Amino acid sequence: MHLYRSFLKTIPCLLLLVLLGACKAIEPAQLPAAAPMPASFGSTTDSASMGDMRWRDFFKDEHLVRLIDTALHNNPDVLAAAQQIELARATVLQTRGARLPQVSAVGAAGVDRYGKYTMTGVGNFDTNLSPNISEDQKVAQPHVPEYFLGLRSSWEIDLWGKLRQSRKAAFARLLASEKGRQLVTTSLVADVANLYYQLLSLDNELAILDRNIALQERALELVRIQKEGGRATELAVKQFAAQLLNTQALKAEKTQEITETENQLNRLLGRHPQPIVRGASLVEQELPEQVQAGVPSDLLRRRPDIQQAELELQATKADVAAARAAFLPALTLNPYVGYNAFDASLLFKPASLAYGVLGGLSAPLLNRSNIRADFRRADAGKLQAFAAYQGAVLTGVQEVMTNLRGIENFRQAAELKQEEVEVLQEAVGTANDLYAAGYASYLEIITAQRSVLEAELHLTNTRKNILQSTVGLYRALGGGWLE
């Protein structure tokens, strides 16, 4: 008998050892080594970065600043990102409460009819016959009422850190949601600025087309006069008229592009379509002349998408730890205190006060498929988050280097295009002089005018690309979310 009792005492210890051994067999996957960051962005070695500038200081156009400010207050995506933070904060609050005792106020009433041949039924009958009890202690027969008024509690003791890891994961996701809001802000600032510069570019192109239409109308009028004087043919009139119609059609298309761009910008501002007030023209826009990109490692602390991916990775690591701890036994305490009686008139007497506590250690032994599936899901999520983090880092470096080269190349292209425009404008003047002297045909004039128009439109587009590449670099460096 002594050996039997000793064996019974060792069963819980043996079960615990089995569970611990099972947990050790479930090992999480090891993360691969992270790709090293480059030492610099090509030939640039600046330690300072314009990504540290506040957007109000970065943009000099007051009209653009007001548009960005409106977008940050009214844009639906920004408002949704703010609510995402509140959702994450609620999850943190929930996981924090899971570590504390759950206390409920309980008022319960019920009735039981126990079988005549049950332990309780026989016990109640025998109790009523006992000379050791008072009349108040006799149990009603055959229906036995039950009343309880008091507090009941359930408290899971976090032995293995499962609840602590769940709270850690929730807190990391709260921080990640804040970085997500910053990411939305950064993208919104850049999108508003890009559409604003697109509008200025279209305005400039429209002005170029208006100027060329005026020149072409005078040229058409002149060639008609020359035809009446016998110095030009009907074919020349048709060619000049066709050129004018083509330019007028381009103007109509540009006007529609302006409407579409204004509507896109109004959508970002969170308002219905309306005219967009502009400030300085495209060629008068000011942005920081000195392009400072800093060092690549700064992206890890400045870019919201990289920081968000890093926090998501931390959260998934905590998820894995919590899922792994689920294989171990859970200790739950269930204390209670209150008034308990089988007669409502006796419920609030001091003798009806009851209290107790029940502690339970539980763990799955046979069917652990759900726990194993949760662990595998968490482990796969960790690897997925690591890949997303690596992707965010690679994207950040790529965007910075692309925009850096873009600013340099577009500036060079703009200088060359400006020279081309000046040369072609001189060519138009020369062609007009030669045509008046009879040494050039009308086709040469039309060709020269068409060439200078295309070059002027291309120059405008190149200037816009310089501004948008600068904005793109600012966003790629993580700028734009600081007020």
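**Note on charged pairs, surface patches and selected residues**

1. R405 is partly exposed, with a relative accessible area of 29%, where buried means under 20%, exposed over 50% and partly exposed in between, by a 1.4 Å probe and protein chains only. This is a predicted model, in which local features need pLDDT of at least 70 and side-chain atom pairs count only at pLDDT 80 or more, while totals for chains, interfaces and linings use all residues. Residues are numbered from 1 along each chain as its sequence is written, and side-chain values use heavy atoms, with hydrogens and water left out.

2. The side chain of R405 meets that of E408 in a salt bridge, at 3.7 Å from N to O, the term being used for a side-chain nitrogen of Lys or Arg within 4 Å of a carboxyl oxygen of Asp or Glu. Because R405 and E408 are three residues apart in helix α10, about one helical turn separates them; helices here are DSSP runs of H or I with at least four residues, strands are runs of E with at least two, and both are numbered from the N terminus. E408 is partly exposed, at 47% relative accessible area.

3. A salt bridge also joins E234 and K238, whose closest N and O atoms are 3.7 Å apart. These two residues are four apart in helix α7 (residues 234–268), and about one helical turn lies between them. E234 counts as partly exposed at 34% relative accessibility, whereas K238, at 53%, counts as exposed.

4. R56 and D69 form a salt bridge through their side chains, with an N to O distance of 2.7 Å. Since R56 lies in helix α2 (residues 55–58) and D69 in helix α3 (residues 62–74), the pair ties together parts that are 13 residues apart in sequence. R56 is partly exposed at 37% relative accessibility, and D69 is partly exposed at 22%.

5. By the salt-bridge rule, the count comes to 27. A network of salt bridges links D52, D298, R301 and R302.

6. On the surface, E415, E419, E422 and E426 gather in a patch of negative charge. Such patches are made of residues with over 30% relative accessible area and no salt bridge, like charges being joined within 9 Å and nonpolar side chains (Val, Leu, Ile, Met, Phe, Trp, Tyr) within 5 Å. Accessible areas come from the Shrake-Rupley method with a 1.4 Å probe, and for residues only the protein chains shown count as cover. Lys and Arg count as positive and Asp and Glu as negative, with His and the chain ends not counted. E419 belongs to helix α10 (residues 369–436) and is partly exposed, at 48% relative accessible area.

7. A patch of positive charge on the surface brings together R99, R164, K168 and K317. Within this group, K317 is found in helix α9 (residues 304–325), and its relative accessibility of 42% makes it partly exposed.

8. V397 lies in helix α10 and counts as buried at 11% relative accessibility. The C-alpha atoms of V397 and Q307 are separated by 14 Å, the two residues being 90 residues apart along the chain.

Methods: Charge placed at Lys NZ, Arg CZ, Asp CG, Glu CD.
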